[in-house]
Amino acid sequence: MAFVRSPWIERFSSSSACWRVTFMLFVAFALVGVWMFTSSTVVPLEISPQEASKFELKKQLPQTDSRPSENGSGNAFTESYMSTDHNWDDSQADKFGEAQSEGSKIDVGNQRDGQDNVIGENVERNASHMEDKTIGDKSNNVMKNEEPNLSMNINEFKDGGLQENDKKNSKQSENNDHDGMLSEKDNIRTGDVTKDEVFPNVSQLELLNETNAQVGAWSTQATESRNEKELQVSSSWSEVTKYNWKLCNVTAEADNIPCLDNEEAIKRLPTTKHYEHRERHCPEEAPTCLVPLPNGYRGTIKWPNSREKIWYYNIPHTKLVELKGHQNWVKVSGEYLTFPGGGTQFKFGASRYIDIIQKSFPVIAWGSRSGVILHVGCGVAGFGGSLFDKDVLTMSFAPKDEHEAQVQFALERGIPAILAVMGTKRLPFPGMVFDVIHCARCRVPWHIEGGMLLLELNRLLRPGGFFIWSATPVYRKTVEDIGIWKAMFELTKMMCWEMVSKSKDSVNKVGLVIFRKPSNNECYEQRVVNTPPICQESDDLNASWNVSLQACMHRLPVHPVLRGFGWPDKWPSRLERAPYWLDKAQVGIYGKPAPEDFQTDFQHWKRVVSKSYLNGIGINWSTVRNIMDMRSVYGGFAAALRDLPVWVMNVVPIDFPDTLPIIYERGLFGMYHDWCESFSTYPRTYDLLHADHLFSRLKTRCKLLSVIVEVDRILRPEGFLIVRDDMQTIQEIENILKSLHWDIRLSYSKETESLLCMQKKMWRPQEIEAKSASIS
């Protein structure tokens, strides 16, 4: 019997098979779903507030190629990092503009005084503002009418020397509509930005070197991986260390200078006959306590008004008013200390006295032939302050003695001065650098002990330079004065100094004499008696850091290519030209022939200052007068500021190449210093400190914390610090300064190199240290 399948059974079998398939698929999808759910489960992470703010900040912005035109003009992201480890070739020298390459990130935030974390609301607002806007030439107008509160922080920079731009990419850059935009991987934090303010065009900041080859809008895996590794390594520095800051417990209080107020060391001195107690005696361990502010301290009065008056409570000392008020040094006038312009030898004004010097011997030629002056005895720096009107730069110095606060008055007025004494050590300057040395009534016994102190001036004076002396022995006829004059006359004759002028000032009723140092060795060789003796050839006339005085004279240069053989060019030509004695055979600091190195450095800093510092980093330059370049090379930074009403103390650290003679040759000035010790100045005396790759080098010799404490001591409240260094060092510095309640104005980093600008505030701790200058 044949089996016949009914239609119903066929339909049942078919639907049953479909159901089984459907069921199996459902089970399979369910299993897959369970697996996916369990795989995607995330365990919550615990992160620190600093890390949270860091992740909260991260915001990617579009990347563009912003290569400059070949002539370096336009909105180019231009190089300004020049390290001693980098060599430049001729084709690189004029091409500072480099593109922003792929390796940067941009973070935007809000940093306020006393806060260590970024405020998220402003982060989102500022980040969207930067995403939506191309930042162009408006950045040049940021500082014209108001001071922006900028606080940028980028964590990646690049090490390397200058590299030549590709011509094709440079051409493309000229037509690039997005030239002003920030790169995709820049990392920036900015402070409060009002609707009328704009962010600085980072492509114009001229901050750092760019050496990566361009790969379009996409970064390479190697670059991304390297950046991530560096970010992970550097993340340990993002935590802000907690410091227990205390005020210094010292007798000098608000005027403390650690190396000059070391009472314990001074007590142990076997003698003070040669003013040893006025010399530097640094503590074995540099202090890490903070100097308090005077009660009632206020922001300094701006130049040029500060030349005539300062706030009394900033330097509440009246001893000089009592001792020298009748000589028109300084007077109290309400809430001000006023400076009528007088001095011991020029009661009726320094300007008239300066003109009399010129008339008595016109070869002096203030501001032309004579441009860099050493003023022994300082007073309240009326002499140096008046010489600014003659285009003359004057280095005044005096000890911290019973003439209370004279150097402090000078600096508060905006006039250069340092604390130093004619004692047992050489002054911290190279030999043969000053055009003129002036001593009015400086109370220095030049004639004693074989003329030891006058021979120090001879070391410092340029061959053919002048010594101007207007002390009482020049014109008074007392027994003592006559004896001193006779001894000085004999001493200067044996030193081969020529007395070129002796005159009287009938108004001030003083006399002055001008001596000229010889310009060759002829007189030395013709002397019958070799006294003072000629120094041994091994005696380096430039060696002056903690070097004892020597009662001898150095031979003068005899070859036309040697420094000191000829007089520098007249001002301002001497500022811009490489000294004649820089030889092409000499290798400069950056690896080029010395004259080219000099010019490259000068052009470099002119671009950095004009395109970055003046408009792009949040500094109100109208408040800046006294500037210190903490690590100067050729003085290029100072030279680039010549058109501003500022002066710059160029410091050449003792463990860096000795380029200070070059700085003096171009009509600038400076001194040697060891930054592991305190600087010879009062607290709160500089408006801006600039440190180019200094701190990372110092870390190998001394504690960074104590160096930053010294920075805090020197800098005035509301003053600025600009640091260019490696990223790790910058992060350490930033953490310390944030704990001091400083404001970040700008921090820019790329790969391993960074730029930081921070502003000191009025904050001081309340607790006073017990004994030693240390923090926990």
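Which hand does the link of Cys248 and Cys289 have about the S-S bond? Before I answer, let me say that this is a predicted model, in which local features need pLDDT of at least 70 and side-chain atom pairs count only at pLDDT 80 or more, while totals for chains, interfaces and linings use all residues. Residues are numbered from 1 along each chain as its sequence is written, and side-chain values use heavy atoms, with hydrogens and water left out.

Now to the answer: the link of Cys248 and Cys289 is right-handed, with 100 degrees about the S-S bond. Cys248 sits in the loop between helix H6 (221-234) and helix H7 (263-267), and Cys289 in the loop between H7 and strand E3 (309-311), so this pair ties together parts that are 41 residues apart in sequence. Helices here are DSSP runs of H or I with at least four residues, and strands are runs of E with at least two, numbered from the N terminus. The sulfur atoms of Cys248 and Cys289 are 2.0 Å apart, and a disulfide is counted where two cysteine sulfur atoms lie within 2.5 Å. By that rule the count comes to 6 disulfides.

A second pair, Cys259 and Cys282, is also joined, with an S to S distance of 2.0 Å. Its link is right-handed, with 115 degrees about the S-S bond. Cys259 lies in the loop between H6 and H7 and Cys282 in the loop between H7 and E3, so the pair ties together parts that are 23 residues apart in sequence.

How covered are these cysteines? I call a residue buried under 20% relative accessible area, exposed over 50%, and partly exposed in between, using a 1.4 Å probe and protein chains only. Cys248 is buried, at 8%, and Cys289 is buried, at 4%. Cys259 is buried at 2%, whereas Cys282, at 27%, counts as partly exposed.

Cys535 is buried at 8%, and Cys552 is buried at 11%.

Finally, let me turn to a helix. Helix H11 (residues 406-413) is mostly covered, with 8 of its 8 residues buried, among them Phe409 and Arg413. H11 is followed by Gly414, whose phi is positive, near 90 degrees.
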